[in-house]
Amino acid sequence: MENVANIQILTNEVKVKNNFISGNEFKINPKFYKRTGKTESGYFTELKVELLNTEENPFPLDLSITITGVFEFNASIKDDEVEKFLNVQAVQVLFPYLRTMVTNITSSSLMAPLILPIVDVTKIFPVV
């Protein structure tokens, strides 16, 4: 992160819906999405997690959280280094915030807190 001049982490969207499904045995099946790009103020990595109630996988709530990291780099960094950073290190920086938000939002909503497991982000978003 020596080439990173500035980092800004933003919350884009938080949606929570209680589906009022009772029971104790639910399978957590989060879906993760990533988007990277360039803005006027720098480069960004956007992460989204969704936990949704479906017929195949009943779940007591619908939860969707999207956060974005905006990164400014030193002028000496090369384009391929920026690309790698946005796809690996930026995800590693943002993922703990996403995990914490899931836990805090569910517990603050007077629901049982959900704790996403610690994962290797390159397994969720393989680097090509």
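**The sheet and its labels**

Tutor: Start with the sheet: 4 strands form an open sheet in the order S1-S4-S3-S2, with antiparallel pairing. The model is a predicted one.

Student: What makes S1 and S2 the edge strands?

Tutor: Strand S1 (4-18) and S2 each pair on one side only. From one strand to the next, the twist averages 15°.

Student: What makes S3 and S4 a pair?

Tutor: S3 and S4 are antiparallel and share 9 bridges. In general, strands of a sheet pair through backbone hydrogen bonds.

Student: Which strands does H1 touch?

Tutor: H1 packs on the sheet and touches S1, S2, S3 and S4. The direction of H1 makes about 140° with that of S4.

**Aromatic pairs**

Student: How many aromatic pairs does the structure hold?

Tutor: The structure holds 5 aromatic pairs. Take phenylalanine 32 and phenylalanine 95, whose ring centres are 5.5 Å apart and whose planes are at 55°.

Student: Why is the pair of phenylalanine 32 and phenylalanine 95 called tilted?

Tutor: Rings pair if their centres lie within 6.5 Å, and planes under 30 degrees apart count as stacked, over 60 as edge-to-face and the rest as tilted. The centres of phenylalanine 32 and phenylalanine 95 are 5.5 Å apart, so the rings pair, and the angle of 55° makes the pair tilted. Phenylalanine 32 is in strand S2 (residues 31-39) and phenylalanine 95 in helix H1 (residues 79-108), 63 residues apart, so the pair links distant parts of the chain.

Student: Why does phenylalanine 95 count as buried, and why does phenylalanine 32 count as partly exposed?

Tutor: Buried means under 20% relative accessible area, exposed over 50%, and partly exposed in between. Phenylalanine 95 has 5%, so phenylalanine 95 is buried. Phenylalanine 32 has 21%, so phenylalanine 32 is partly exposed.

Student: What makes the pair of tyrosine 43 and phenylalanine 73 edge-to-face?

Tutor: The planes of tyrosine 43 and phenylalanine 73 are at 65°, with 5.7 Å centre to centre. An angle over 60 degrees counts as edge-to-face, so that is the name. Tyrosine 43 lies in strand S3 (residues 42-51) and phenylalanine 73 in strand S4 (residues 61-73), so the pair ties together parts that are 30 residues apart in sequence. Tyrosine 43 is partly exposed at 21%, whereas phenylalanine 73 is buried at 15%. Tyr43 and Phe73 also belong to one aromatic cluster with Phe71 and Phe85.

**Salt bridges**

Student: How do you know that glutamate 46 forms a salt bridge with arginine 35?

Tutor: The closest N and O atoms of glutamate 46 and arginine 35 are 3.3 Å apart. The cut-off is 4 Å, so the pair qualifies. Glutamate 46 is in strand S3 and arginine 35 in strand S2, 11 residues apart. Glutamate 46 counts as buried because its relative accessibility is 17%, and arginine 35 counts as partly exposed at 45%.

Student: How many salt bridges does the count come to?

Tutor: The count comes to 3 salt bridges. One of them joins lysine 15 and glutamate 13, at 3.7 Å from N to O. Another joins glutamate 50 and lysine 48, with the closest N and O atoms 3.4 Å apart. Glutamate 50 is buried at 18%, and lysine 48 is partly exposed at 23%.

**Cover and confidence**

Student: Why is S3 called mostly covered?

Tutor: In S3, 8 of its 10 residues are buried.

Student: Where is confidence lowest and where is it highest?

Tutor: Confidence is lowest in helix H2 (residues 121-124), at a mean of 88, and highest in S3, at 95. For the protein, the mean pLDDT is 90, and 98% of its residues reach 70 or more.

Note on methods. Residues are numbered from 1 along each chain as its sequence is written. This is a predicted model: local features need pLDDT of at least 70, side-chain atom pairs count only at pLDDT 80 or more; totals for chains, interfaces and linings use all residues. Side-chain values use heavy atoms; hydrogens and water are left out. Rings of Phe, Tyr and Trp (its six-membered ring) pair if their centres lie within 6.5 Å; planes under 30 degrees apart count as stacked, over 60 as edge-to-face and the rest as tilted. Helices (H or I, at least four residues) and strands (E, at least two) are DSSP runs, numbered from the N terminus. Buried means under 20% relative accessible area, exposed over 50%, partly exposed in between (1.4 Å probe, protein chains only). pLDDT is the predictor's confidence in each residue, from 0 to 100. Two strands pair if DSSP finds at least two bridges between them. Axes are lines fitted to C-alpha atoms, for helices over the stretch in contact, and angles run from 0 to 180 degrees between N-to-C directions. Contact means heavy atoms within 4.5 Å. A salt bridge is a side-chain nitrogen of Lys or Arg within 4 Å of a carboxyl oxygen of Asp or Glu.
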